[in-house]
Amino acid sequence: MHYFKGLQIRCIFTVAGLSMFLLGCNTETVPVVDEAQEIERKVDSLLSLMTLDEKIGQMTQIRHFDDSVEVAISQKFIGSIIHTDGPAPGENAQAWQEKFIELQQLALSTRLGIPLLFGVDAVHGQNTYEGATIFPHNIGLGASGNEYLVRKIAEITALESQATGFNWVFSPCVAIPLNEKWGRVYEAFSEDLELTAKLTVASIEGHQGDLSQSTTVMATAKHYIGDGATDYGIEGGKTSLSLQDISDQLMEPYRQAVKSGVGSIMASFNTVSDVPMHSHKVLITDSLKVGMQFDGIVLSDWKGYSKYGKNNIINAGIDMVMAVDGDMDKFHVGLKHGLEKDSVSIDRVDDAVRRILRQKYRLGLFDNPFPDSTLISTIGSDMNRDYARQAVRESLVLLKNEDNTLPLSKNFGKIVVVGEHADNTGLQSGGWTIAWQGKTENYEGATSILDGVLESTYAEIIHDKNAQEQHPDADVAIIVVGETPYAEFFGDIGGEMDRYQLTLTQAHQEYITHYKNQGVKVVTVLISGRPLVTTDQIEQSDAFVVAWLPGSEGHGIAEVLFGDFDFTGKLPHSWPKKVEDFDGLYGPNKWDSSSKPLFNFGYGLNY
């Protein structure tokens with residue numbers, strides 16, 4: 001049977017030698033069915049059958065461990081399940097899949113059988129599952145500048161997310177951080193608009209691929225918009241940029257995300273023009289949905305309904321509500337009340353549900369609602385870890401290399417590796433690793449920086465965890481210093497928690513001094529989710545390497561230090577010279593022509 005545009009021709013052919021004889025042919029004109037049009041037809045048909053309770057249910061996202069989750073799915077017709085900090089779905093990936101299959105079966109057993117979306121904050125690999133491949137955080141990928149690698153990492157993240165039962169990830173973060181005091185700098189690729197936009201496209205293409213396949217997931221561009229551009233870098237604070245500045249300086253990654261077909265966009269905690277972004281109709285509906293023609297789901301962030309104006313967020317254009325910690329009933333009752341009082345229109349509700357159903361059809365969930373158990377064996381595979389180790393190598397930025405201190409000789413007699421970060425995969429991976437705030441101890445499947453050093457040299461290796469020992473005869477001291485893990489507002493400098501600082505701790509500064517005073521050559525490796533004021537420590541060190549938050553494959557750092565690979569990473573942020581650089585609204589970066597950073601955006605040495 002042969003198909004032509006607008007015409008279906010039913011013909012029977014026979015072939016004899018080089019001759020072809022037409023034996024019979026009937027033609028009839030039939031409409032060509034476009035896949036997108038067919039999905040719209042199915043959405044409209046299903047929407048027409050839905051009750052109000054079923055529509056509001058589809059607009060609701062709850063946790064898999066919330067009280068009475070089974071009742072909520074079967075009787076309140078919940079549209080999505082989120083996995084967050086809290087009880088794991090099971091002891092292993094098979095158990096995770098089984099838990100989500102059980103919940104999916106409940107959804108499929110309802111009157112209309114609409115499948116669930118399962119979402120997870122997989123922001124540097126499937127980082128909620130211990131044993132998964134954990135990649136460098138986005139700031140490190142920004143330092144690599146390698147869009148092919150970012151695409152591949154997103155593909156692997158999608159694969160391992162599906163293997164643990166998820167079809168939706170809340171990644172990538174496409175913020176433009178303007179102040180390194182912000183506790184989420186590491187979640188974004190760069191302060192640079194062009195680089196961020198390029199890597200945004202790569203990430204979305206990698207995550208989503210062919211959405212209907214069992215190895216891909218729906219991606220989420222977040223947090224819309226101005227999350228990294230708040231005054232003084234306060235998470236959820238005030239973004240005082242004008243709407244024109246936002247369009248010029250922050251919006252391009254979202255434009256590119258929409259052009260790339262991103263399935264969802266998450267609203268931000270900050271305010272713009274003194275209006276909470278969750279309630280900002282001009283930016284959500286007028287700019288994003290109408291202006292950019294985004295046809296996917298706009299998702300609230302945590303407890304967005306009760307935090308940011310209740311039905312105001314629905315009217316502004318939020319389609320699905322992260323209704324956790326008691327918000328579900330508030331949302332359901334409040335939205336019904338708004339509809340009864342005509343403060344929310346049924347057309348707005350229908351638009352939200354239409355967007356949710358559209359993405360479920362695009363994902364192929366009505367035909368294939370369950371995860372594929374054969375994917376479990378891919379979790380943390382050698383091939384996936386090879387890509388993670390490549391990402392670690394390419395993320396490293398060399399700021400100083402006096403007298404060719406690097407690469408290190410594999411034939412040194414004695415090497416001292418200093419610092420608790422050197423042999424702790426939790427510390428080297430940062431926040432959003434296994435737990436929301438990260439871990440401060442080793443986790444399954446990961447290799448530490450010390451592990452990598454031990455495999456890279458024949459030298460005697462000493463680990464001086466707290467720089468208390470004397471080793472003046474050492475050929476070199478590799479001193480690993482940096483931040484401890486944090487996520488969201490916990491990492492703000494000067495914010496609500498204020499646990500962190502723009503400099504190394506006094507103890508870590510003394511690690512470097514301790515070995516310099518012994519006359520030992522010092523290679524400093526900085527583990528950090530943002531640029532820090534390290535001017536004095538760079539001056540003290542013979543070589544200084546920024547390793548960001550490398551994830552599970554610490555061996556990749558040693559491979560570069562010992563010369564198996566060269567440095568290729570470049571600074572994705574301007575590097576500050578002094579703490580006073582942050583006295584204003586923003587840090588020293590390429591948006592501020594008056595700033596004088598120690599190193600400019602794009603700086604990085606090689607051998």
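Predicted model: local features only at pLDDT ≥ 70, side-chain atom pairs only at ≥ 80, totals over all residues.
Residues are numbered from 1 along each chain as its sequence is written, and side-chain values use heavy atoms, with hydrogens and water left out. Local features need pLDDT of at least 70 and side-chain atom pairs count only at pLDDT 80 or more, while totals for chains, interfaces and linings use all residues.

We may start with the sheets. Five strands, in the order 7-6-5-4-14, form an open sheet with parallel pairing; strands (E, at least two residues) and helices (H or I, at least four) are DSSP runs numbered from the N terminus, and two strands pair if DSSP finds at least two bridges between them. Strand 7 (168-169) and strand 14 (321-322) stand at the edges with a single partner strand each, so one side of each has no neighbour in the sheet. Strand 4 (residues 60-63) pairs with strand 5 (residues 80-83) over 3 parallel bridges, and here Arg63 stands opposite Ile82. Strand 5 in turn pairs with strand 6 over 4 bridges, again in the parallel sense, with His83 opposite Val120. In a regular strand the side chains alternate between the two faces of the sheet. Strand 6 (residues 117-120) is covered on both faces, with Leu117 and Gly119 buried on one side and Phe118 and Val120 buried on the other; buried means under 20% relative accessible area, exposed over 50%, and partly exposed in between (1.4 Å probe, protein chains only).

Another open sheet has 3 strands in the order 9-11-12, with mixed pairing. Its edges are strand 9 (238-239) and strand 12 (275-276), each with a single partner strand, so one side of each is left without a neighbour in the sheet. Strand 9 runs parallel to strand 11 (residues 271-272), joined by 2 bridges, and Thr239 has Val272 as its bridge partner.

Helix packing comes next. Helix 6 (residues 147-163) and helix 15 (residues 382-395) pack at an angle of about 140 degrees, their axes 10 Å apart; axes are lines fitted to C-alpha atoms over the stretch in contact, and angles run from 0 to 180 degrees between N-to-C directions. Residues making the contact (heavy atoms within 4.5 Å) include Tyr148, Leu149 and Lys152 of helix 6 and Asn384, Tyr387 and Gln390 of helix 15.

Finally, a few backbone features deserve a look. Most residues other than glycine have a negative phi, and most peptide bonds are trans. A cis peptide bond links Ser171 to Pro172, with omega about 10 degrees, and Pro172 sits in the loop between strand 7 and helix 7 (193-208). The bond from Lys222 to His223 is also cis, with omega near -5 degrees; His223 belongs to strand 8 (residues 220-224). Asp325, not a glycine, has a positive phi of about 50 degrees and is found in the loop between strand 14 and helix 13 (327-340).
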